[in-house]
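Colleague: I would like to learn how to read a structure like this one, feature by feature. Where should we start?

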Amino acid sequence: MGREQVEVNVHRHIIRSLDVVDQTPGNTVQLTLDNRLQQKAYEILSEKESASAVMLHIPTGQVRCLVSYPGFDNNLFVDGISHKDWNGLLNHPRKALLSKTTSGLYAPGSTFKLIMAVAGLKAGLITPHTTHHCPGYYTLGRHRFHCWTHARGGHGSMNLTNALARSCDVYFYKLGAALGVEKIMAMAREFGFGQKTGIELPTERAGLCPTPAWKKKRYNQSWQQGDTINVSIGQGYLLTTPLQQALCVARLVSGLDVKPTLLYQEKKPVFADMGVDPAILELVLSDMKHVTNTPGGTAYRHRITEPGFEMAGKTATTQVRRITQRERRLGLVNSKNRPWEWIEHAMFVAYAPIHKPEYALSVVVGHGGSGGQAAAPIAKVPLRAVQGVVWWEKGPKRLSMVRKVRGGD
């Protein structure tokens, strides 16, 4: 980088040169991103109005894919951006300037039930065989917290596997009430929520793991049991980034304190052990398989069917506003006539392949509706691509020659 200081007249014509600093080459940086995956992910995300995708290589923490949509043309800034173009980006209705992967804050919704499961198992409050009855709602005082199946009378009797596969809210309402917010948030922080991941980007945001002390300081209000019930299904004050959600899955899979990075290194990093019983993690990972590979699972329709390439995951459909009793009575909860800003966020987290997990993925479709319908199908595209499968119109074909995308690992 070099510079020249010059003297100009009132017409901005150069009179003389005052100082010159010769150009010097900058440092060489090799990124972990795979351009093919970036392009493929951006292509499919562009079918939505607002979306993001993050893919991590679990053994190294290297970020293979980091895409936010809509984006913008960097060339607009080369010679100085015009007021018109700048105002267009600044006031873009879908926040084109926001890097949603690291700076977008979302309630994680039902993807947070993975953390709840680990916390409940570790505390000894549940076992794989513990069952709770779901009538479609959970009553706390005079208030009812609904399960998404309340209109159909609930899920009935649920064990942990079924509660995760079918995303039963009542199961986790009850677990959250037993755990308490402090234990829930402590486990959330262990898996990367409520703090910056340390990725080499200056705009990363930390998100929020709310506590009674935080609420008292922020709102001068006491923490209520209803607040705990809300965060137990990833709603309420809890906020995360798509990168944090992918990192959470990477730590679940490995049991290690994985750190995400965009800078490629030949030497494989050594991550600290998280100290969570591997048997607990294996139970939760096994239950994630049912979400995508068992009939009745919320992402079963969008599973990867090629043998050896299957994925396991968790869906979420996250409310962005309080649903009133009147809206429920009038059947407006899932109405397609709602304003775009009122529609739920669609989310999906996953790892693949199941038999030997290498990749953790997070997809968020802003105001996309159902996680199983809007986000899960997107996840298949980069996962198939990175594993050497291309989806043609007539079905999947494995590539005979696949460019290696794993860096030096």
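**Helix packing**

Modeller: Helix α4 (residues 113–123) and helix α11 (residues 278–293) have axes that come within 10 Å and cross at roughly 145°. The model is a predicted one.

Colleague: Why give an angle and a distance?

Modeller: Two packed helices are described by the angle between their axes and the distance between those axes. On the α4 side the contact is formed by Leu114, Ala117, Val118, Leu121 and Lys122, and on the α11 side by Ile280, Leu281, Leu283, Val284 and Met288. Sorted by class, this contact of α4 with α11 holds 9 nonpolar residues, no polar ones and 1 charged.

Colleague: Which residues of α4 meet α7?

Modeller: From α4 they are Ile115, Met116, Val118, Ala119 and Lys122, and they meet Ile184, Met187 and Ala188 in α7. This contact of α4 with α7 divides into 7 nonpolar, no polar and 1 charged. Helix α7 covers residues 181–190, and its axis and that of α4 come within 9 Å, crossing at roughly 115°. The crossing of α4 and α7 is right-handed. Val118 and Lys122 are listed in the contact with α11 and also in the contact with α7.

Colleague: How should I read aromatic rings?

Modeller: A pair of aromatic rings is described by the distance of the centres and the angle of the planes. A search of the whole structure gives 11 aromatic pairs. Trp214, Tyr219, Trp223 and Tyr237 are linked by ring pairs into a cluster.

Colleague: Which residue lies over the face of Tyr219?

Modeller: Arg218 does, at 4.8 Å from the ring centre. A further case is Arg303, which lies over the face of Tyr300 at 3.9 Å from the ring centre.

Colleague: And the backbone? What should I look for there?

Modeller: Most residues other than glycine have a negative phi, and most peptide bonds are trans. Tyr69 and Pro70 are joined by a cis peptide bond with omega about 0°, and Pro70 lies in the loop between β4 (62–69) and α2 (83–90). The bond from Ala352 to Pro353 is also cis, with omega near -15°; Pro353 is in the loop between β10 (345–352) and β11 (359–365). Arg12 has a positive phi, near 65°, and sits in the loop between β1 (3–8) and β2 (14–21).

Colleague: Where does pLDDT stay under 50?

Modeller: Over residues 390–409, for which the model has 37 contacts beyond four places in sequence. Where pLDDT is low, the predicted coordinates should not be read in detail. For the protein, the mean pLDDT is 88, and 90% of its residues reach 70 or more.

Notes
Residues are numbered from 1 along each chain as its sequence is written. This is a predicted model: local features need pLDDT of at least 70, side-chain atom pairs count only at pLDDT 80 or more; totals for chains, interfaces and linings use all residues. Side-chain values use heavy atoms; hydrogens and water are left out. Axes are lines fitted to C-alpha atoms, for helices over the stretch in contact, and angles run from 0 to 180 degrees between N-to-C directions. Helices (H or I, at least four residues) and strands (E, at least two) are DSSP runs, numbered from the N terminus. Contact means heavy atoms within 4.5 Å. Ala, Val, Leu, Ile, Met, Phe, Trp, Tyr, Cys and Pro count as nonpolar, Asp, Glu, Lys and Arg as charged, and the others, Gly among them, as polar. Rings of Phe, Tyr and Trp (its six-membered ring) pair if their centres lie within 6.5 Å; planes under 30 degrees apart count as stacked, over 60 as edge-to-face and the rest as tilted. A charge sits over a ring if NZ of Lys or CZ of Arg is within 6 Å of the ring centre and within 35 degrees of the ring normal. A crossing is left-handed if the near helix is turned anticlockwise from the far one by less than a right angle, and right-handed if clockwise. pLDDT is the predictor's confidence in each residue, from 0 to 100.
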